[in-house]
Amino acid sequence: MTDNNIKSIVSEYIESSTNITGLAYDMDIFEEGLVNSLFAIELMTYLEKEFSIKITMDDLDMSHFKSVDSIAAFVVNKK
Amino acid sequence: MSFKKIGVIGAGTMGIGVTVDLVLHDIEVVLVDISFDILEKAKSEILNTTRFAPLLNKTAPKMSMEGVLEKIHFTTQINNVNDCEFIIENVSEKWDIKETVYKELDKICKPEVCFGVDTSCISITKVAKLTNRQDKVIGIHLMNPVYLKPCVEVIQGFHTSEESVEIVNQLMKQLGKTTVVVNDYPGFVSNRISHLFMNEAAFVVQDQVASPQQVDEIFKKCFNHKMGPLETADLIGLDTVVDSLDVLYESYQDSKFRCCPLLRKMVHAGNLGRKSGKGFYEYKKQPTVGK
């Protein structure tokens, strides 16, 4: 799976969860108030299932999950 | 006094949130509900939330799944709270259910144990009257997500003693929270006001003045609220919101609390908000863990 594919899948998931369209890949989804803290936990669970990865305690850093770009880089790194 | 073991009655949204917060603060929990299906669902959500809690709360410990489960006793037997030092009750906002639960708790628990009523609207004084320890019944209005909220609305019933207020203050301090202690009238401060917002927001949608997104956007972008009233209603659960409005209406006999027909219709249709996957918004279903 390419980096772009991952970005597209993650972006679609965030857009459908937040009822928004045209999400910029570098937008900080938490800082911009697009999603709240509850969504962070939903996002973790989704990423594990969708990309068959295991998020460990050491991965629990918000910088990995702040935007579509950073999420895709994290997933690529984990795979 | 440092609390070590607490009974949590009701494993719904709030019961889960309370349990997570207690476990993250190294307090043992006896979690009671009426069916193992509900408890299994609660277990999955508790594991999910505790696992990722350090992402959102830097002070939360990194706990293993086994470490979390060691701290919780899941049970359908309310008798198992007999050695708990404090009770936090989170059952539905239905009077007949509360009545049964408190009469049983009063028989089961040691006489010195305080009962924390985690209610949205029901009178603490009325709940206390169900027991022979009216001075030890106190309102604790916790809010979701419990482990991220730094402050709690505490409600002193007519007979609640200052000693009970102090005990709750100590427990909340152990959880890293401050309290605002208010007096007992249905809905207290938070829900008496917030439910008017949520109800009127539903009327605005019903009357096609604006979409749910537009209503919430105005609250977030113009008022700087973190969430809009309809997102909040979805988070609380529309069934709970309707139940609370009914209690407020019945208590004050004031038409300003009449429930919006759209809210009631959504509840009848099973669109309860986040917990059912659909309310004013749609939500992705979460996979379960820990089974």
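The C-alpha centres of domain 1 of chain B and domain 2 of chain B lie 25 Å apart. Those bounds, residues 5-183 for domain 1 and 192-276 for domain 2, come from an automatic or database domain assignment. This is a predicted model: local features need pLDDT of at least 70, side-chain atom pairs count only at pLDDT 80 or more, and totals for chains, interfaces and linings use all residues. Residues are numbered from 1 along each chain as its sequence is written, while chains are lettered from A and ligands numbered from 1 in the order in which they are written.

Back to the two domains. Eight residues of domain 1 of chain B are in contact with eight residues of domain 2 of chain B, where contact means that the C-beta atoms, placed from the backbone, lie within 7 Å. On the domain 1 side, two of the residues are nonpolar, four polar and two charged. For the classes, Ala, Val, Leu, Ile, Met, Phe, Trp, Tyr, Cys and Pro count as nonpolar, Asp, Glu, Lys and Arg as charged, and the others, Gly among them, as polar.

Chain B as a whole has eleven helices and eight strands. These are DSSP runs numbered from the N terminus, helices being H or I with at least four residues and strands E with at least two. The C-alpha atoms of chain B fill a box of roughly 55 × 40 × 35 Å along the principal axes. A compact globule of 291 residues would have a radius of gyration near 19 Å, and chain B agrees, with 19 Å. That radius is taken over C-alpha atoms, and the globule rule is 2.2 Å times the number of residues to the power 0.38. In chain B, 47% of the 291 residues count as buried. Buried means 20 or more other C-beta atoms within 10 Å of the residue's own, exposed means 12 or fewer, and partly exposed is in between; the C-beta atoms are placed from the backbone.

One strand pair in chain B. Strand β7 (residues 151-156) and strand β8 (residues 178-183) run parallel and are joined by six bridges; pairing requires at least two DSSP bridges. In this pair, B:Glu153 stands opposite B:Val180 in β8(B). The chain gets from β7(B) to β8(B) through helix α6 (residues 162-174), a right-handed β-α-β crossover. Right-handed here means that, with the strands pointing away from the viewer, the path from the first strand over the helix to the second runs clockwise.

Now chain A. Chain A has three helices and zero strands. Its C-alpha trace spans about 30 × 25 × 20 Å along the principal axes. For 79 residues the globule rule gives a radius of gyration near 12 Å, and the 11 Å of chain A agrees with that. Of those 79 residues, 19% count as buried.

What does each chain bring to the contact? Chain A gives 16 residues and chain B gives 17. On the chain A side, the largest share, nine residues, comes from helix α2 (residues 37-51). By class, that side has eight nonpolar, six polar and two charged residues.

Last, one residue. A:Leu60 is in the loop between α2 and α3 (68-78) of chain A. Is A:Leu60 buried or exposed? A:Leu60 counts as buried because it has 20 C-beta neighbours inside 10 Å. Leaving aside neighbours within four places in sequence, A:Leu60 is in contact with B:Phe52, B:Pro54 and B:Leu55.
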